[in-house]
Amino acid sequence: MAKTDNKTSVPKRRANNGKLSFGGKWQYAKAPESTDHVAIEDRYGLFIGGAWVRPKSGKYFATINPATEKKIAEVAQANKKDVDAAVQAAKKALPAWRKLSGDDRARFLFRIARILQERAREFAVLETLDNGKPIKETRDVDVPLAAQHFFYHAGWADKLELLFPGEKPEPVGVVGQIIPWNFPLLMAAWKIAPALAAGNTVVIKPAETSPLTALRLCEVFEQAELPAGVVNVVTGDGSTGAALVRHPDLNKVAFTGSTEVGKEIQKAVAGRSVDLTLELGGKAAHLVFEDAALDQAVEGVVRGIFFNQGHVCCAGSRLIVQESVHDLFVRKLQRRMARIRVGDPLDKNTDMGAIHSSEQLMRIRGLVQSGVDEGAVLFQPKCALPKNGFWFVPSMFTGVTQSHRISREEIFGPVLSVSTFRTPEEAVKKANDTSYGLSAGIWTDKGARILWVASRIRAGIVWNNTFNLFDAASPFGGYQESGFGREGGRQGLRAYVKLRSGLLPG
Amino acid sequence: MSVSVRKTYKLYVGGKFPRSESGRVFQPAGNEAVNVARGSRKDLRDAIGAARKGLATWSGSAAYLRGQILYRIAEMLASRRDGMVQELRLGGLTPAAAQKELDNAIALTIWYAGLCDKALSLLGSQNAVQGPFFNFSTIEPTGVIGVIAPDKPALVGTLALLLPLLVGGNSVVALVSSHAPFAGLALGEVLAASDVPAGAVNLLSGHRDELAKEFAKHRDIDGLLVSGPPDAELTEAAADNVKRVRFCNLSSAAWSKVERLRSLSWVEPFVETKTLWHPVAP
């Protein structure tokens with residue numbers, strides 16, 4: 001082989017290592033969403049039997065804006081008696097609601113969907129204020145999906161006989177629902193909509209720290225003239241939820257939250273013939289094979305872990321990359337992470353908003369510290385954070401092993417852990433090395449490999465060459481300790497009906 | 001007349017017929033001369049280990065093959081009619097009742113055999129999502145399922161709980177009737193002759209009071225299907241690893257009606273829905 005002159009045949013590496021630099025001259029101008037069109041009461045009562053009532057406890061607590069730490073409003077602390085009043089209201093409303101024709105139940109749900117669409121901007125702003133997530137997400141994800149859940153399930157209300165072959169499904173009865181703070185309105189919608197479509201009545205408890213959009217949803221029910229007592233909302237802390245799941249008149253409990261609390265609920269309803277669905281925690285593996293479209297995969301991984309500040313039960317928190325592309329992929333991720341805009345959630349250019357609460361911030365900090373202590377290598381881009389509020393820089397650990405706490409425990413924050421695999425078999429083994437089983441991601445250009453890997457991963461949702469997509473028609477829920485039952489789709493509605501031939505719940 | 005040949009009633013674990021590792025036996029009421037292996041917690045652990053291996057084989061088999069194997073169970077039940085009737089009579093049934101129960105067992109098995117390659121179409125779906133995505137939901141087995149069979153009917157009671165689980169691709173550890181374990185244990189001999197893979201079904205005999213809670217507690221069991229009314233103690237123990245728990249509380253009249261015992265809704269609680277997304281692009 002002829003000698004070549006390396007000096008001329010190899011292009012010079014650019015001095016700035018391929019990074020674009022505008023010398024700080026191209027900053028984004030502020031683009032805040034206005035809040036003046038969203039009227040917020042100083043104090044909210046409980047929504048029971050179609051009316052706003054003062055809590056029997058006489059107690060209220062503040063809900064704050066996580067981006068400013070300023071109080072937004074006070075909400076009621078429901079105690080056992082309040083919960084009982086709500087359950088009695090739901091019980092009272094049940095006979096008429098289940099007797100109502102499916103056509104009419106459908107029309108109420110269609111109305112609710114339409115009103116939500118009409119008031120979408122207001123809900124998006126309120127959600128961002130109360131939760132801390134960026135307006136971009138509440139506007140484009142949370143609120144439209146919430147409306148879709150009502151629209152989708154409206155169309156089921158008059159077709160229940162098509163739900164399960166050979167069965168005439170019946171409503172379960174009074175349903176108690178507990179939802180988390182990470183998608184407050186969306187969770188309320190995807191719990192309430194199927195319950196109502198199937199002819200059940202509801203008592204729902206929003207999360208202590210993000211109750212405002214669920215309360216505002218009651219205004220939508222009022223506008224839609226939904227019969228009194230069909231949906232009742234009780235706000236409060238964990239004690240309110242505990243009182244709800246232990247109420248003897250419930251026929252079903254639906255819970256979204258941590259695995260730890262889910263287990264307590266399963267115990268609390270044991271032996272009572274109460275139907276139960278649990279949507280619990282996750283520690284999703286996100287697999288990137290060497291043949292994947294790496295730039296797209298980078299976007300997918302970013303969406304997988306930094307969407308909603310990582311406060312997502314199905315977040316792709318364990319990136320497992322094929323060894324041959326690890327270094328390249330990590331460099332690409334680092335470059336991309338440096339361009340994530342963290343800050344004012346109301347700004348339309350913001351990618352990552354505030355951490356939802358100081359408590360959650362402490363938990364994230366603690367787990368990140370454990371990652372450092374256990375020897376993983378932390379990367380955090382330079383990132384200016386606002387002075388007030390709760391914030392955390394997008395973070396990535398490399399050199400993570402399967403035994404590190406950061407690859408076993410759900411962090412529920414913007415923290416990615418990276419490890420490697422060599423063969424598809426090893427990728428599957430690592431992906432399944434968890435007691436959770438909610439979601440997974442696979443990036444490869446090989447169709448046959450996608451199906452091979454996807455069929456071996458124990459998880460309820462597998463995103464292939466994409467991540468963190470949701471739809472009312474798509475069943476969502478986990479394997480193993482990520483819970484049981486599905487939400488969305490035909491399978492989700494199934495959890496809200498009783499079948500005559502069915503087995504009894506635990 | 002020659003002296004009759006008796007049978008030793010042993011467990012069915014991993015395709016073999018071991019005695020209890022504990023060395024214990026019990027004598028079911030009315031059959032004081034018969035020593036039946038009394039399964040222990042350690043036997044249960046062994047059976048779960050076998051079931052974990054059997055799960056891979058069974059769930060990895062094509063639905064068509066699983067259907068044929070279940071149909072083979074029906075064939076074996078039919079061809080061993082005299083023997084099975086005798087086992088049922090040992091459990092206290094009249095000749096007519098024993099014949100009837102065997103008929104029901106065969107009918108039930110054939111119904112579920114034909115369901116194997118339809119369950120996915122009936123419980124899965126393609127979903128109409130927004131955006132350019134192909135989205136579908138398939139079903140997969142929950143895993144290793146523990147079954148506590150009723151005392152009566154001894155054969156149909158075990159089969160009715162076992163078959164829907166096998167249709168879903170699960171492997172099973174079942175505690176057969178404590179009162180009349182003979183037909184339940186003899187079922188193991190039928191399964192062994194039907195090409196059911198080793199470990200896909202494991203049968204234990206013993207005391208329900210002693211073993212049911214061990215089933216509920218064990219973290220390598222993924223689901224629990226228990227005959228009788230809901231039992232808070234079992235569900236509480238099962239919550240430790242978020243087991244799927246169902247109870248089957250039927251009257252003796254219901255247990256004798258085959259139509260009541262065959263339902264897709266008995267398959268559904270022990271399969272997991274897996275939803276796949278993929279972009280659609282040129």
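Me: In which helix of chain A is the place of Thr213(A)?
Reply: The model discussed here is predicted. Within chain A, residues 212–223 form a helix, and Thr213(A) belongs to it. The element asked for is helix 7.

Me: Is Thr213(A) buried or exposed?
Reply: Leaving aside neighbours within four places in sequence, Thr213(A) is in contact with Phe123(A), Leu126(A), Glu127(A), Pro184(A) and Leu185(A). A residue counts as buried under 20% relative accessible area. The relative accessibility of Thr213(A) is 0%, so the residue is classed as buried.

Me: Why do the buried residues of helix 14 of chain A line one face of the helix?
Reply: In helix 14 of chain A, residues 424–431, the buried residues are Ala427(A), Val428(A), Lys430(A) and Ala431(A). They line one face because, seen down the axis of helix 14, they fall within an arc of 165 degrees.

Me: What covers the buried residues of helix 14 of chain A?
Reply: The cover includes strand 12 (285–288), strand 13 (318–322) and strand 16 (415–421) of chain A. A helix of chain A is also included, namely helix 15 (447–454).

Me: Which residue in strand 9 of chain B is the bridge partner of Pro505(A)?
Reply: Strand 21 of chain A and strand 9 of chain B, residues 244–248, run antiparallel and are joined by 2 bridges. In strand 9 of chain B, the partner of Pro505(A) is Arg246(B).

Me: How much area do chain A and chain B bury between them?
Reply: The contact takes 51 residues from chain A and 50 residues from chain B. Gln266(A), Leu503(A) and Leu504(A) supply 16% of the area that chain A buries against chain B, more than any other three residues. Of the area buried between the two chains, 55% is on carbon and sulfur atoms, and the total is about 3,900 Å².

Me: How many salt bridges are counted between chain A and chain B?
Reply: One salt bridge is formed by the side chains of Glu272(B) and Arg486(A), at 3.8 Å from N to O. The count between chain A and chain B is 4.

Me: What ipTM does the predictor give the complex?
Reply: Chain B has an average pLDDT of 97, and 100% of its residues score at least 70. For the complex, the predictor gives a pTM of 0.95 and an ipTM of 0.96.

Note on methods. Residues are numbered from 1 along each chain as its sequence is written. Chains are lettered from A and ligands numbered from 1 in the order in which they are written. This is a predicted model: local features need pLDDT of at least 70, side-chain atom pairs count only at pLDDT 80 or more; totals for chains, interfaces and linings use all residues. Side-chain values use heavy atoms; hydrogens and water are left out. Helices (H or I, at least four residues) and strands (E, at least two) are DSSP runs, numbered from the N terminus. Buried means under 20% relative accessible area, exposed over 50%, partly exposed in between (1.4 Å probe, protein chains only). Contact means heavy atoms within 4.5 Å. Two strands pair if DSSP finds at least two bridges between them. pLDDT is the predictor's confidence in each residue, from 0 to 100. The arc is that of the directions from the helix axis to the C-beta atoms. Buried area is the accessible area (1.4 Å probe) that two parts lose on being put together, summed over both.
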